[in-house]
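This report describes a structure through its computed geometry and contacts. Please read it alongside the sequence and the coordinates shown below.

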Amino acid sequence: MDSNLHSPERRLIELRMEHADLDALIDAASQQNPTDELALRRMKKRRLALRDEIARLELALDPREPA
């Protein structure tokens, strides 16, 4: 049971959820006036890092076959 809490699949789900949450926050923040540009840039940078981590984890879980 404990191994399911720390499985790569669960981590991937958590990362995707955090990425979606950041998407929503970025959309809401970009519509506010005045916009906090520094906070917006930090959220976008974190979202990009999450996307990279998701891609690495997906590749590790399902490696592509060599052509």
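## The loop and its cis peptide bond

P34 is placed in the loop between α2 and α3, where helices (H or I, at least four residues) and strands (E, at least two) are DSSP runs, numbered from the N terminus. A cis peptide bond joins N33 and P34, with omega at about -5°. P34 is exposed, its relative accessible area being 75%; in these terms buried means under 20% relative accessible area, exposed over 50%, and partly exposed in between, with a 1.4 Å probe and protein chains only. From P34 to E58 the separation is 24 residues in sequence and 38 Å in space, C-alpha to C-alpha.

T35 also lies in the loop between α2 and α3, and with a relative accessible area of 24% T35 is partly exposed. Leaving aside residues up to four places away in sequence, T35 touches A29, S30 and L40, contact meaning heavy atoms within 4.5 Å. The C-alpha atoms of T35 and H19 are separated by 21 Å, the two residues being 16 apart along the chain.

## Basis of the model

The model is predicted, and local features need pLDDT of at least 70, side-chain atom pairs count only at pLDDT 80 or more, while totals for chains, interfaces and linings use all residues. Residues are numbered from 1 along each chain as its sequence is written, and side-chain values use heavy atoms, with hydrogens and water left out.

## How the two helices pack

Two packed helices are described by the angle between their axes and the distance between the axes. Here the axes of helix α2 (residues 8-30) and helix α3 (residues 37-61) come within 9 Å and cross at roughly 155°, where axes are lines fitted to C-alpha atoms, for helices over the stretch in contact, and angles run from 0 to 180 degrees between N-to-C directions. The helices α2 and α3 are therefore roughly antiparallel to each other, given that angles under 35 degrees count as roughly parallel, over 145 as roughly antiparallel, 65 to 115 as roughly perpendicular and the rest as oblique.

The crossing of α2 past α3 is left-handed, a term used if the near helix is turned anticlockwise from the far one by less than a right angle, with clockwise giving right-handed. By class, the contact of α2 with α3 has 13 nonpolar, two polar and 11 charged residues, where Ala, Val, Leu, Ile, Met, Phe, Trp, Tyr, Cys and Pro count as nonpolar, Asp, Glu, Lys and Arg as charged, and the others, Gly among them, as polar.

## Helix α2 and H19

H19 lies in helix α2 and counts as buried at 18% relative accessibility. Residues up to four places away in sequence not being counted, H19 touches R47, L50, R51 and I54.

The 25 residues of α3 should span 36 Å at 1.5 Å a residue, in agreement with end C-alpha atoms that are 36 Å apart. The buried residues of α3 are L40, M43, L50, I54 and L57, and they pack against α2.

A39 is found in helix α3 and is partly exposed, with a relative accessible area of 29%.

Terms used: Expected span 1.5 Å × (residues − 1).
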